[in-house]
Amino acid sequence: MQGTLPVINFSLADVKQDSYESMTAKMKRLMSALYLNNRYLLQSEKLEGTEKRDFSRVIDRDITDEECMEAVFKLSGYMYRHYGKKVLILIDEYDTPMLEAYTAGYWEEAISYARRMFHAAFKDNPYLDRGLMTGITKITQESVFSDLNNLRVVTTLSPVYETCFGFTDQEVSESLALYGLSDQKKEVDYWYDGFQFGEHKDIYNPWSILNYLRDGRFAPYWVNTSSNALVGKLVREGSIRVKDEFEILLKGESVVTEIDEAITYAELAGDSKTIWSWFLTTGYVKIVQKQDDRYEIRLTNREVQEAFYKLVKKWFAKSYDEYTDFIRMLLNGNLEGMQRYMEKVTMQTFSYFDVGNASTESDKAEQFYHGFTLGLIADLNRTHILTSNRESGFGRYDVSVEPMDKTKDGMIIEFKVFDPKKEQNLTDTAQRTLEQIEHMNYEADLRARGVRNIRKYGFAFRGKEVLISELY
C-alpha cells in the first residue's frame, strides 16, 4: 500500500493552550504549516483560481474558525483532484487539545470544535479512503465521535496490533548487549518494563529505553505534560477514596477496581473506577491480574512511580513550606505567625459540617479541632513524643509534646470552643484555656520526665475563627 495513496499527516501534540481563544489561534498556525508543506498544489492545473486563493489564505492564517475546522476536508479535496485518488488521513495525539481543555476549563468549546473538525474530515467525506487517529484515551461516541460511523477502536486491552507497540523483552536485551549494558537488565526491567497490549506483556517504552541507552542512567524520561496536569486535577479534586488509593499505588502496592474503557470526560471527576480506567489507558498503571469483573492494578514501573513522586512534591511544595514554617513558629513561640497560618488554614479548609454548631455541639467541635491540630503537628514525632488525652496533674490534657532532647522546650496544648454562656469573646475563651492548664497542673507529667521549659498554648475556636494564646 505504501506510495499508492496521497496522505494528510499531522499531529495535535503541541496544541496545549490554556484558553479556547489561544487554542483556535494555534490550530490556524497548525493548518497553515500543513498547507505550506503541501504548497505544490498551488501549481496544480486541477485546482481553480478561487481554490488556490483559499489555499493561500490558510497559509497566511487569514481564515475564520469555521474555515479552519474545514481545512483538512478541503485539503483532501484538493489532493483528490490533483492525484485522482482518495486520501489517507493520519492524525496523531488527537486528544491532546481536549486533555488540556478539560484541565484548563474550556472543555465544552474544545469538544465542539473537535467534533466539527472530525465530522468534516471523516463523516461523508467523498475524498477519504480511510483515516487513522491515535491518542492516549478512548473517547466514547457521545462526545468527539458522536457524528462518525464505522469506527474501529483499538485500545490497550485489544488483541489487535498487540505486538506492534513498544520494545519487546528480546529487543531490549539485544540493545543492552550492543551498548555493553547487559548486566543492567534487571534494573532496566524494574524501571521501564510493565506495559501490556492485549495479552502481550513485558513491553517497554521505546522513548525511555532510547534515552537510557544514550545517557546510561536511570531516570523518569517519559513525561506527558497534558496528562500529568490532568492527573493532578483528578487526584486533588477526587474523593477521599481516590486519594487513599492513589497513596496505596504510590507505595508500590496494588488496588482492586473495575475497569471501563468507555471513558467520558464528564465522568472523570466521578468515582475511582473511571479514574483508574483512565490511568490504565494512559499507561500509568498495569493489570496484575483479573478477578472476575474486577482488576488488580499497580503502577506500571519505577519510572511512573518516580514521575508521580515529583508530581506530588510539586503539588504540595508551597503548602509544605508554609507547614514547616508553622512547626518552627510553634517551637519558637511565634504567636503572630501561628495565628496567621491557622487563620488561613481554617478559612480554606473548615466548613460548617466539619465543626458543627459550636454553641450546641461543643464536644463534637472540640474533638474536630483537637484532631485537626494534632494532625498539623504530627511531623514532630521524629524529634518529640506526642501524647493525647492523658492524665497529668488533676485532669486530662488535650495534647502533650515531649522533646526527646530534654534541653528543648516541651508543650501543653489545650482546645476550647467559644461558649456564649460563659464568655463574651474569643479572648475570654483563650484565657480560660490557659487558666485550665495552670489550674489542673497539666505540666506535671512533662516535668516528671525531666522537661524543664514548657510552653502552654491555648487554642480558642468559634467556627472558622481561631485565637491562640500562650504562657511560658
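## Burial and overall make-up

A residue is called buried when its relative accessible area is under 20%, exposed when it is over 50%, and partly exposed in between, with a 1.4 Å probe and protein chains only. D215, with a relative accessible area of 34%, is therefore partly exposed, and 46% of the 472 residues of the protein count as buried. This is a predicted model, in which local features need pLDDT of at least 70 and side-chain atom pairs count only at pLDDT 80 or more, while totals for chains, interfaces and linings use all residues. Residues are numbered from 1 along each chain as its sequence is written, and side-chain values use heavy atoms, with hydrogens and water left out.

The protein has 19 helices and 15 strands, taken as DSSP runs numbered from the N terminus (helices H or I, at least four residues; strands E, at least two). Of the contacts (heavy atoms within 4.5 Å) with a separation of 6 or more, 66% are between residues 24 or more positions apart. The accessible surface, from the Shrake-Rupley method with a 1.4 Å probe and, for residues, only the protein chains shown as cover, comes to about 24500 Å², and carbon and sulfur atoms account for 48% of that surface.

## Aromatic pairs

Two rings of Phe, Tyr or Trp (its six-membered ring) pair if their centres lie within 6.5 Å, and planes under 30 degrees apart count as stacked, over 60 as edge-to-face and the rest as tilted. The whole structure holds 30 aromatic pairs. In one of them, the ring centres of F55 and Y78 are 5.8 Å apart and the planes stand at 40°, so this pair is tilted. F55 belongs to helix α2 (residues 49-59) and Y78 to helix α4 (residues 71-83), so that the pair links distant parts of the chain, 23 residues apart. Both F55 and Y78 are buried.

The pair of Y192 and F218 has its ring centres 6.3 Å apart and its planes at 25°, and is therefore stacked. This pair also links distant parts of the chain, 26 residues apart, with Y192 in helix α8 (residues 185-192) and F218 in the loop between α9 (206-215) and α10 (225-236). Y192 has 0% relative accessibility and counts as buried, whereas F218, at 23%, is partly exposed. Ring pairs also join F195, W222, F246, W276, W278, F279, Y284 and F308 into a cluster.

## Charges over rings

A charge sits over a ring if NZ of Lys or CZ of Arg is within 6 Å of the ring centre and within 35 degrees of the ring normal. The charged end of R455 is placed in this way over the ring of Y472, 3.9 Å from its centre, and R462 lies over the face of F418, with 4.6 Å to the ring centre.

## Salt bridges

Side chains of opposite charge can pair when their charged atoms come close. With a salt bridge defined as a side-chain nitrogen of Lys or Arg within 4 Å of a carboxyl oxygen of Asp or Glu, the count is 23 salt bridges. D54 and R57 form one of them, at 3.5 Å from N to O, and both lie in helix α2, three residues apart, which is about one turn of the helix. D54, at 31% relative accessibility, is partly exposed, as is R57 at 26%. In another salt bridge, between D215 and R214, the closest N and O atoms are 2.8 Å apart; R214, at 60% relative accessibility, counts as exposed.

E402 and R449 form a salt bridge in which the closest N and O atoms are 3.7 Å apart. The pair links distant parts of the chain, 47 residues apart, with E402 in strand β12 (residues 399-403) and R449 in the loop between α19 (444-448) and β14 (454-462). E402 counts as buried at 7% relative accessibility, whereas R449 is partly exposed at 48%. Salt bridges that share partners join E402, K406, D445 and R449 into one network.

## Backbone and surface features

Most residues other than glycine have a negative phi. R61, in the loop between α2 and α3, has a positive phi near 60° and is partly exposed, with a relative accessible area of 47%. Y161, found in the loop between β3 and α7, likewise has a positive phi, near 65°, and counts as partly exposed at 46% relative accessibility.

Y161 also belongs, with V154 and F165, to a nonpolar patch on the surface that has about 270 Å² of accessible area together. Patches are made of residues with over 30% relative accessible area and no salt bridge, like charges being joined within 9 Å and nonpolar side chains (Val, Leu, Ile, Met, Phe, Trp, Tyr) within 5 Å. F165 is placed in the loop between β3 (128-134) and α7 (169-178), and is partly exposed at 37% relative accessibility.
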